[in-house]
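Hello,

Here is the structure for your review. My notes follow below it.

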Amino acid sequence: MANLYVLYEHAAGFAVFSVKEFEEISMFLPQVESSVTDFAKFNSIVKLAAFTPFKTAIAALENVNAISEGIVPQDLLVFLDDFFGKLKKKKCQLGIADAKLGAAITEAIGVQCSHYGVVPEIIRGIRFHFHKLVKGFTAISAGIAQLGLGHSYSRARVKFNVNRSDNMIIQSIALLDQLDKDVNTFSMRIREWYSYHFPELVKIIPENYLFAKTAKFIKDRKSLTDDKLEELEEIVMDSSKAKAIIDAAKMSMGMDISIIDLMNIEMFAERVVKLSEYRQKLSTYLHNKMTSVAPNLQSLIGDQVGARLISHAGSLTNLAKYPASTVQILGAEKALFRALKTRSNTPKYGLIYHSSFIGRAGIKNKGRISRFLANKCSIASRIDCFLEQPTSVFGESLKAQVEERLKFYETGEIPRKNIEVMKEAILNATGTAIIDEVAIEDAQTLKKKNKKRKRNHVEQEAEGNDVSGTVDKENGADETLLAEGQSNSIVAANGDSDELPKKKKKKKNKNKNKEQSA
């Protein structure tokens, strides 16, 4: 009978517990579940066999990181090797919480590991009573050790998060969309507010940013004279508009406004100008982030559409996992489920509708080009996600493919094949990834040779089956002839040789009766 030992990883160190009467306990699993919380009953079954504490907090963090990834740390390997080495050749079984870690321990030491049956309940009891089972421990000291290790582990996981650059893109595109809404709302408010005093300015300067900047400069229209023409030209960037503003200020129909109201308008216009300038800086920041994180996706469909796809998917890795059909309708989930519910036409595009390619395509070809563009976006996201050294060569090649497809829909000019475009992209990217065209051709020739070998092998097997089938048929015919000869000789020896032709006559009579009835 194998002895059961249970491994428990605590924040303070590794512990191995021995379990008495393992075979009997496993038969009464419900009773074990109910008695886990009772320390007296649990302590009579589970005893501490060995314990090794972590030397430092850094060592504890390294061991926990390795265990979370299913790797056996060196400290645990030495501890288990020494423990089971003392037991010599006794049959032992090690209970463990993680199946992946158990497989690694079995491969390293050769001890059989189990993670099912009564083992999870025993581990639950050990976790509940650990500070009582190990001498020198208290509930407070165990809690402090767990809290410290938990904080350091979480801090390390956040620090080495592979999606941390994606998170910056997600936050920046969300802020950019919010800023667009806010700047539009505030610009509308400043137009209405300042139009009471100078209504003609809206028609001369329709742009939101320039209007707020001009209103902040003019303040009271009565103070606007020809001396301020040069400064106004620098703001408006047009001499004719600057002259028109000065002329309109002299003949304006707006009402007079107090100094306090003008001060509030000026402060609000300054906020709108600063928000607009910050929006431009944020757009530059997003462009730089997309260049470093997803250069191919950026060169294919632009900064904002690519960032929205990443944001909607959750990360670049998630976007790379999506098939092209999902990327095509990403952002149109409500319309998709509504169409499935009402059995109407499903949407042809989602967020990729904002790309310039779909706007340039004809009405009949919008669905086709969106499907093609989603395919290329899926390829670009996978290249960006798994390429070690980022480059935008592949994205530019994919963009050229989409352009050729648009020309094909318009003029009928046949586009290049994908394999040709990818070969050119790989050759252009030799600065980052050295791949020879000869190697690609050698791989293709090897594939062809393998296919020929498979065909020849299949044909040989088929010929062998045909030959064996003919031999079996001949052997079967010989056996039937021998059997008939033996039966005839037996019948002749018994003197019943007339029975064989009688049977044939009966068959003929049966056939005649069938013909008559028909």
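Among contacts in the chain between residues at least 6 apart in sequence, what percentage join residues at least 24 apart? The figure is 65%, with contact meaning heavy atoms within 4.5 Å.

This is a predicted model, in which local features need pLDDT of at least 70 and side-chain atom pairs count only at pLDDT 80 or more, while totals for chains, interfaces and linings use all residues. Residues are numbered from 1 along each chain as its sequence is written, and side-chain values use heavy atoms, leaving out hydrogens and water.

Confidence: pLDDT is the predictor's confidence in each residue, from 0 to 100. The chain has a mean of 81, and 79% of its residues reach 70 or more. Helix α16 (residues 303-313) is highest, at a mean of 94, and helix α25 (residues 499-517) is lowest, at 47. Residues 477-508 have pLDDT below 50, and this stretch has three contacts beyond near neighbours in sequence. Where pLDDT is low, the predicted coordinates should not be read in detail.

Overall: the chain has 25 helices and five strands (DSSP runs numbered from the N terminus; helices are H or I, at least four residues, and strands are E, at least two). Of its 518 residues, 33% count as buried (under 20% relative accessible area, 1.4 Å probe, protein chains only).

L77, L80 and D81 in α5 meet I105, A108 and I109 in α6.

Best wishes

Terms used
Buried < 20%, exposed > 50% of the residue type's maximum accessible area, 1.4 Å probe, protein only.
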